[in-house]
4 protein chains.
Amino acid sequence: MLYFNSDYMEGAHPLILKRLHDINFDKNVGYGLDPYCESARKKIREACQAPDAEVHFLVGGTQTNMLVIDAMCRFNDGVIAANTGHINVHESGAIESCGHKVIAVDEVDGKINIPALEQYLVAFYKETSEVGIEHYVMPRAIYISTPTELGTIYSLAELEQLRAICDTYGLYLYIDGARMGYGLAADTDVSLPDIARLADAFYIGGTKVGALFGEAVVITNPDITFTRGLIKHRGAMVAKGWLLGVQFDTLFTDDLYLRISRNAVSQAMRIKQALENKGYKAFVDSPTNQQFYVVDNATLERLQQHVNYSYISPADDGHSLVRFCTSWATTDEQVEALLALL
Amino acid sequence: MLYFNSDYMEGAHPLILKRLHDINFDKNVGYGLDPYCESARKKIREACQAPDAEVHFLVGGTQTNMLVIDAMCRFNDGVIAANTGHINVHESGAIESCGHKVIAVDEVDGKINIPALEQYLVAFYKETSEVGIEHYVMPRAIYISTPTELGTIYSLAELEQLRAICDTYGLYLYIDGARMGYGLAADTDVSLPDIARLADAFYIGGTKVGALFGEAVVITNPDITFTRGLIKHRGAMVAKGWLLGVQFDTLFTDDLYLRISRNAVSQAMRIKQALENKGYKAFVDSPTNQQFYVVDNATLERLQQHVNYSYISPADDGHSLVRFCTSWATTDEQVEALLALL
Amino acid sequence: MLYFNSDYMEGAHPLILKRLHDINFDKNVGYGLDPYCESARKKIREACQAPDAEVHFLVGGTQTNMLVIDAMCRFNDGVIAANTGHINVHESGAIESCGHKVIAVDEVDGKINIPALEQYLVAFYKETSEVGIEHYVMPRAIYISTPTELGTIYSLAELEQLRAICDTYGLYLYIDGARMGYGLAADTDVSLPDIARLADAFYIGGTKVGALFGEAVVITNPDITFTRGLIKHRGAMVAKGWLLGVQFDTLFTDDLYLRISRNAVSQAMRIKQALENKGYKAFVDSPTNQQFYVVDNATLERLQQHVNYSYISPADDGHSLVRFCTSWATTDEQVEALLALL
Amino acid sequence: MLYFNSDYMEGAHPLILKRLHDINFDKNVGYGLDPYCESARKKIREACQAPDAEVHFLVGGTQTNMLVIDAMCRFNDGVIAANTGHINVHESGAIESCGHKVIAVDEVDGKINIPALEQYLVAFYKETSEVGIEHYVMPRAIYISTPTELGTIYSLAELEQLRAICDTYGLYLYIDGARMGYGLAADTDVSLPDIARLADAFYIGGTKVGALFGEAVVITNPDITFTRGLIKHRGAMVAKGWLLGVQFDTLFTDDLYLRISRNAVSQAMRIKQALENKGYKAFVDSPTNQQFYVVDNATLERLQQHVNYSYISPADDGHSLVRFCTSWATTDEQVEALLALL
């Protein structure tokens with residue numbers, strides 16, 4: 001059986017497992033105060049060209065989104081997201097569990113529809129200037145993910161537009177980078193230092209990109225109060241914090257993070273090319289490791305004898321929307337076996 | 001100057017003020033355990049034909065929505081509302097302050113678009129049956145207001161449809177009755193016992209209908225745990241609870257609540273008729289005390305020398321959307337003065 | 001029957017009722033933006049000699065404590081209180097409902113035991129300097145009430161000591177003034193300007209001192225972010241906000257607040273004197289309107305035919321602890337009738 | 001250098017690392033729905049002799065305490081704990097972050113003082129029967145840890161007493177088993193099935209007992225609603241849930257959990273014996289892997305050239321309280337080296 005369901009089906013990159021094995025009986029101090037975390041923080045700051053950034057390590061993406069947004073928002077503050085945004089639809093109300101509303105705006109291919117965003121902001125400030133802002137959820141931050149839930153990525157121009165909007169309206173820009181590696185490894189004009197320069201906070205995803213688990217939060221705007229006390233208060237502090245440090249230290253040594261990301265993307269591009277060649281219809285044009293295609297149901301029935309993928313929804317009559325997803329661990333053999341089936 | 005801005009610009013019905021004056025130096029027990037509250041509860045149960053309903057008195061509408069929805073929801077539960085719903089746009093994230101997401105669905109004239117609601121529910125249960133419901137905000141209740149924020153009301157058939165949907169999907173039906181009197185006094189086939197029969201919980205608004213302040217929560221579904229401890233925990237317990245009891249006891253004596261509501265509606269109908277006669281264009285066909293009209297800006301400029309109204313937004317070129325709002329206290333003289341200006 | 005149960009058994013001072021009656025049909029803007037609130041804010045700032053203070057009006061004491069402490073605290077911050085403090089024992093976990101722990105320290109006669117407080121702080125900072133502060137609830141504010149729940153008051157020297165401790169440890173000082181009038185009217189060296197000068201935030205209680213309901217929050221430290229959005233977010237915004245404004249405007253006109261407070265205190269002193277003369281044993285030496293006495297059960301049985309009081313707890317064998325409480329409305333006749341019974 | 005600071009300084013038992021290595025490139029479904037989790041759940045139910053228990057896997061102890069207590073409590077409910085309880089002093093207000101107060105009662109050697117607990121409950125129900133329970137935090141559960149933060153353990157008789165108190169007062173009994181293995185491996189009359197029989201919910205700690213990370217929550221009382229949606233809502237769902245399953249499956253195969261726990265305890269007993277022989281004074285008589293001793297400062301100064309331990313606090317003049325802590329990984333050589341230094 002082949003598996004193209006998701007990018008979190010395997011364990012960790014072998015170099016990570018090896019280091020965990022090698023230091024297993026060393027004695028480490030807890031809670032992220034160990035030298036591995038310190039080294040990883042340093043390497044991440046360097047990779048981001050953000051020497052003053054604050055870096056914290058957390059376990060998972062929903063947890064990370066919760067904590068960063070809670071650090072950005074108080075009282076009636078809320079966070080703007082595309083209506084397809086992960087925090088709006090797949091996180092079980094975790095943002096709301098901290099008291100903050102997700103303000104959904106229209107999307108295009110999984111990305112915030114920037115004109116719709118501007119229209120919302122103009123209307124919001126016009127309306128509240130009449131009625132008083134206290135009756136409304138106050139937009140405090142814009143949440144985007146890149147790659148998005150549909151595999152698409154923001155261009156540099158789009159990120160700069162969002163930055164300008166944030167500057168105009170006094171908003172933070174927060175980027176969910178659960179799959180950041182796969183975005184950076186794609187055909188893109190955006191680099192990690194661009195992300196660090198344009199966002200006020202973001203996270204570099206480990207869980208889906210080579211780690212057993214873990215996300216690295218990077219706070220570049222010192223106005224954002226993000227404390228270790230907040231992490232513990234929300235139950236997110238890991239006793240053996242060095243497990244996170246070792247993983248990110250490995251991922252940010254010799255460019256491993258980007259190198260393994262490139263594998264996922266190039267395997268996805270092979271699949272995409274093959275699907276296009278065979279006349280399958282893309283749901284969205286994704287340059288990253290997630291490929292969404294509309295497949296006729298007869299083909300699907302045939303495929304599912306041999307392949308696992310993510311079934312999304314029925315599309316039109318007789319067709320369905322499915323996702324093929326590669327990862328850092330996807331092999332040539334797996335892809336070739338898939339291609340043979342298409 | 002004339003004021004048609006809103007229905008909470010005056011104090012209380014004189015009979016209420018008189019009773020507050022008469023009992024001012026009596027000694028009452030606190031926290032809603034007094035005989036006035038008890039009497040008011042009894043009269044409300046009778047008016048609702050709901051002898052087993054639980055009745056609590058709270059200060060304001062946002063507070064009431066927060067508490068009832070918090071009582072209905074746990075964990076990742078959320079509440080469905082029209083995207084124009086008061087809890088979705090005018091309550092400053094109060095529902096989210098209790099950890100619960102407002103799930104917005106399309107509206108028609110301020111009411112939930114019932115086909116869109118059904119489509120959402122079908123899609124939700126289809127999607128979560130594949131992926132696992134734990135990643136989603138779980139719909140637990142439907143929130144509606146009647147009259148809505150646009151003055152429209154649900155028909156009996158619509159309420160019964162919503163009840164059936166709730167029964168199918170295991171949802172509570174909660175009705176925000178901030179202006180309930182003005183809905184019951186309108187040309188409608190819905191009575192208070194219908195509301196009590198079809199909703200699992202609702203509130204009868206006092207603040208906008210004759211009281212200084214206060215809302216009466218009615219819980220008809222005993223599965224909903226709504227406790228005095230919850231009220232206090234959220235800072236909503238009033239020390240001199242009899243102030244609420246006396247007001248609702250007065251409003252539910254000799255049908256005062258409905259009688260004064262009728263005044264607001266009949267004054268609004270006079271204004272509506274006059275506006276229609278003069279060729280003004282209604283934004284929505286409202287049978288209650290709020291009338292939304294699209295007025296050309298020259299007329300508005302002239303009117304605002306003499307009248308206050310709620311300015312909503314620019315409509316198209318040269319026109320604006322405004323609201324004229326009557327209340328239980330609106331007089332013939334005030335309405336005639338307005339009509340003379342149109 | 002006589003009633004000395006509490007100080008929130010009557011309605012409002014007649015001057016307040018009269019003004020509410022007089023303006024009942026005036027048209028007011030909502031949400032505390034009316035001229036009565038503005039006037040009341042001005043008078044309160046003057047009475048406090050705090051021209052830059054921010055003043056907000058809320059409905060009740062628990063609500064006020066919740067909101068001010070939520071404005072002071074973030075994340076793992078907590079608030080220190082005497083273990084008998086109202087927020088620690090009588091508010092149903094309202095502070096915790098906002099995510100903040102109440103850190104209880106020892107008390108003496110209802111007041112924080114200052115040496116115990118200092119000992120806690122020294123130990124806390126010593127311990128956390130070893131282990132890392134992120135595992136602990138971080139003290140951010142000290143909550144006191146004056147008068148306390150036992151009727152005692154802090155002296156100027158004690159308040160200055162607390163201020164110095166707050167300055168040393170970077171804490172806010174917050175004073176719950178539910179009965180502030182009765183403290184200021186007592187034999188004390190503390191004035192309202194002293195309170196305003198020494199506290200970072202406090203509230204002046206109206207519910208127990210002449211108003212139907214309402215508390216005036218005074219924020220003197222501009223570092224504390226207390227917004228109208230916070231008020232609405234927690235469901236505490238009153239639509240007809242002028243009801244609060246009118247009440248506090250009346251209370252702070254011609255020194256009414258203090259004048260009516262003096263009545264409660266002088267009536268209480270008469271009762272206290274009589275109890276002492278008859279050999280009753282005070283549980284605590286209170287100079288304000290609450291008198292706690294240990295009474296033998298035979299006497300209690302006799303009294304309760306004619307008097308209501310607050311029963312607190314059995315004391316030792318054959319005696320009980322009870323409270324006699326006066327208010328701004330207590331009359332000479334009522335006190336004389338009580339004295340005749342003792 | 002020797003390290004006796006804590007029991008979470010090493011990675012995982014080699015058998016765990018080996019299995020993680022062996023399955024690293026297998027494709028697993030996420031979120032704890034994999035066969036390893038299923039197998040681990042089955043083995044834990046068997047070890048607990050609790051065939052109907054619900055078992056969930058979480059990352060850390062604070063997170064686990066938060067979620068279980070949030071599942072037990074609503075509104076103004078709170079949880080009783082010893083004032084030295086972990087949730088009361090070392091979890092940064094995580095319980096309060098979910099809105100629930102920790103009600104602290106006296107302790108003896110780190111355990112709840114049972115007579116003090118009963119006294120609190122009797123007084124609470126007496127007081128609230130007079131005043132109304134809605135003003136109070138309502139005790140809903142008793143939290144204990146065994147072993148406690150001081151290394152002591154509850155006897156079977158004590159657990160049965162607590163169970164009886166819970167039955168009398170309608171409370172849940174929740175046991176924090178962060179170090180449960182070290183308690184079961186001690187000289188005790190309590191078995192895991194006893195824990196499962198007497199508690200309504202508890203957790204079996206992995207982080208401190210052989211796992212990289214992870215705690216197994218066991219819910220034996222079906223009245224407690226603990227859902228996967230709750231886990232996700234609080235940001236605690238792990239994408240690669242099988243990492244937890246594999247670890248607990250390994251720990252509960254061939255009694256590994258207990259076998260490795262015994263090592264920690266027997267090493268601790270050797271240290272304890274040596275300390276006693278040399279005349280060191282125990283702070284508390286602990287039968288588990290944590291040993292608290294009062295050591296004179298000269299000795300400490302000499303020791304700390306060679307040994308790391310947990311420094312707790314200055315005791316009396318010239319002495320300090322320190323903790324020596326062993327783990328599943330502590331070796332004979334390490335202990336002998338320590339003994340040579342004493």
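The model is predicted, so local features need pLDDT of at least 70 and side-chain atom pairs count only at pLDDT 80 or more, while totals for chains, interfaces and linings use all residues. Residues are numbered from 1 along each chain as its sequence is written, chains are lettered from A in the order in which they are written, and side-chain values use heavy atoms, with hydrogens and water left out.

Select chains C and D together.

Now select the interface, to which chain C gives 22 residues and chain D gives 23 residues. Because 100% of the interface residues of chain C are also interface residues in chain D, the copies meet through the same surface. The two chains bury about 1,700 Å² between them, 50% of it on carbon and sulfur atoms; buried area is the accessible area (1.4 Å probe) lost on putting two parts together, summed over both. Highlight C:Ser92, C:Glu96 and C:Lys101, which supply 32% of the area that chain C buries against chain D.

Finally, select C:Glu96 with D:Lys101, which form a salt bridge whose closest N and O atoms are 3.0 Å apart (a side-chain nitrogen of Lys or Arg within 4 Å of a carboxyl oxygen of Asp or Glu). The count between these chains is 2 salt bridges.

Note on methods
Contact means heavy atoms within 4.5 Å.
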